[in-house]
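Here's a guided walk through a two-chain model. Have a look at the picture first, then read on.

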Amino acid sequence: MSKLALKTEGDAHVIVTRRFAAPPEAVYRAHNDPRLIQKWLLGPEGWTMPVCINEAKPGGKIRYEWTDNNGHGFYLTGEYLELEPYSRIVHVERMHLPEPTPDNHIETRFDADGTGTAMTMRMTLPDAQTRTAMLATGMERGMEASYARLEAMI
Amino acid sequence: MTTWDLDAAFAALADPTRRAILARLAKGEATVTELAEPFDMTQPAISQHLKVLEDAGLVTGRVDGAKRPRRVAEAGIEALDQWLAMLRKALEKNYDRLDEVLASMEQTRKKRGDKR
């Protein structure tokens, strides 16, 4: 049973939706409080985020640094454009691998859904090729997790 | 796909140019000449990448006079599907962790006797 939906829209958009049991205020806070972000925005098993800068105000900076604690790592930088507590965040971000990827413009909405929250992230990439590259990068990270699980099973 | 094919497919997909070529072919047939232009690469370089994709069973071609247009093979479509499924999995892992973070936030709030 998966609560997550990921789909592409048009040439350059990616839409991610997910429902949470907690109210919008809590989900919103978990997206911009560094101490909370460091607990969950980690990707595959074994990765940590030693550096988490998140200035939740328009123009505020975002910087996340990840490591697999085995010599591999990469980081993300971004800037906030708009914040509407506790319902909407608009920001841009790019990965540094270490070459920066093109900007990903993201609008995240937190809508009350019963006692929980329906979250909708709408990503806008510059073009279709960039979107493909971004999804491919995500695949690599997902693949690492799959291989790690496979190793654990053998 | 057998396990063996899957290994070859993942090895072939380890290169960003080959992933981009596969994504382009997913939209429809293209010749080496047509592929070389948007990728800003020489035709021999594109041919080399196509050979790896073909050997992995992700891309197939047909003969049309002097041309040999390539398209995504059945296994290539599966690989592309898997591509999205794996990204979904990495995201799911994050959000499963977020569920736990939210649950512990709720616990803390209750302990404090916050009635909001």
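## Two helices meeting in chain B

In chain B, Val32(B), Thr33(B), Leu35(B), Ala36(B) and Phe39(B) of helix H3 touch Gln43(B), Ile46(B), Ser47(B) and Leu50(B) of helix H4. Two residues count as touching, or in contact, if their C-beta atoms, placed from the backbone, lie within 7 Å. Sorted by type, the residues of this contact come out as 6 nonpolar, 3 polar and no charged. For that sorting, Ala, Val, Leu, Ile, Met, Phe, Trp, Tyr, Cys and Pro are nonpolar, Asp, Glu, Lys and Arg are charged, and the others, Gly among them, are polar.

How do the two helices cross? H3 (residues 32-39) and H4 (residues 43-55) of chain B pack at an angle of about 110°, with their axes 9 Å apart. Axes here are lines fitted to C-alpha atoms, for helices over the stretch in contact, and angles run from 0 to 180 degrees between N-to-C directions. H3(B) and H4(B) are therefore roughly perpendicular (under 35 degrees would be roughly parallel, over 145 roughly antiparallel, 65 to 115 is roughly perpendicular and the rest is oblique).

## What you're looking at

A quick word on the model: it's predicted, so local features need pLDDT of at least 70 and side-chain atom pairs count only at pLDDT 80 or more, while totals for chains, interfaces and linings use all residues. Residues are numbered from 1 along each chain as its sequence is written, and chains are lettered from A and ligands numbered from 1 in the order in which they are written.

Chain A has 3 helices and 8 strands, and they run β-β-α-α-β-β-β-β-β-β-α from the N terminus on. Chain B has 5 helices and 2 strands. Both kinds of element are DSSP runs numbered from the N terminus: helices are H or I with at least four residues, strands are E with at least two.

Of the 154 residues in chain A, 24% are buried; in chain B, 27% of 116 residues are. A residue is buried if 20 or more other C-beta atoms lie within 10 Å of its own, exposed if 12 or fewer, and partly exposed in between, with C-beta atoms placed from the backbone. Now take the contacts between residues at least 6 apart in sequence: in chain A, 36% of them join residues at least 24 apart, and in chain B the share is 52%.

## The sheet in chain A

Which order do the strands of chain A take? They form an open sheet of 8 strands, S1-S2-S8-S7-S6-S5-S4-S3, with antiparallel pairing. S1 and S3 (48-54) of chain A stand at the edges with a single partner strand each, so one side of each has no neighbour in the sheet. From one strand to the next, the twist averages 20°. Strands count as paired if DSSP finds at least two bridges between them.

S1(A) pairs with S2(A) over 5 bridges, in the antiparallel sense, and Leu6(A) has Val16(A) as its bridge partner in S2(A). Next, S2(A) pairs antiparallel with S8 (residues 116-124) of chain A over 8 bridges, where Ile15(A) is opposite Arg122(A). S7 (residues 104-113) of chain A runs antiparallel to S8(A), with 9 bridges joining them; Ile106(A) faces Met123(A), and Phe110(A) faces Met119(A).

## Turns and loops worth a look

S1(A) and S2(A) make a hairpin with 3 residues between them, and Gly10(A) in the turn has a positive phi of about 60°. Is Gly10(A) buried or exposed? It counts as exposed, because it has 8 C-beta neighbours inside 10 Å. Its C-alpha atom is 8.7 Å from that of Ala128(A), 118 residues apart along the chain. S7(A) and S8(A) form a hairpin too, with 2 residues between them and a positive phi of about 65° at Gly114(A) in the turn.

Asn69(A) also has a positive phi, about 60°, although it isn't a glycine. This residue sits in the loop between S4 (61-67) and S5 of chain A and is exposed, with 11 other C-beta atoms within 10 Å.
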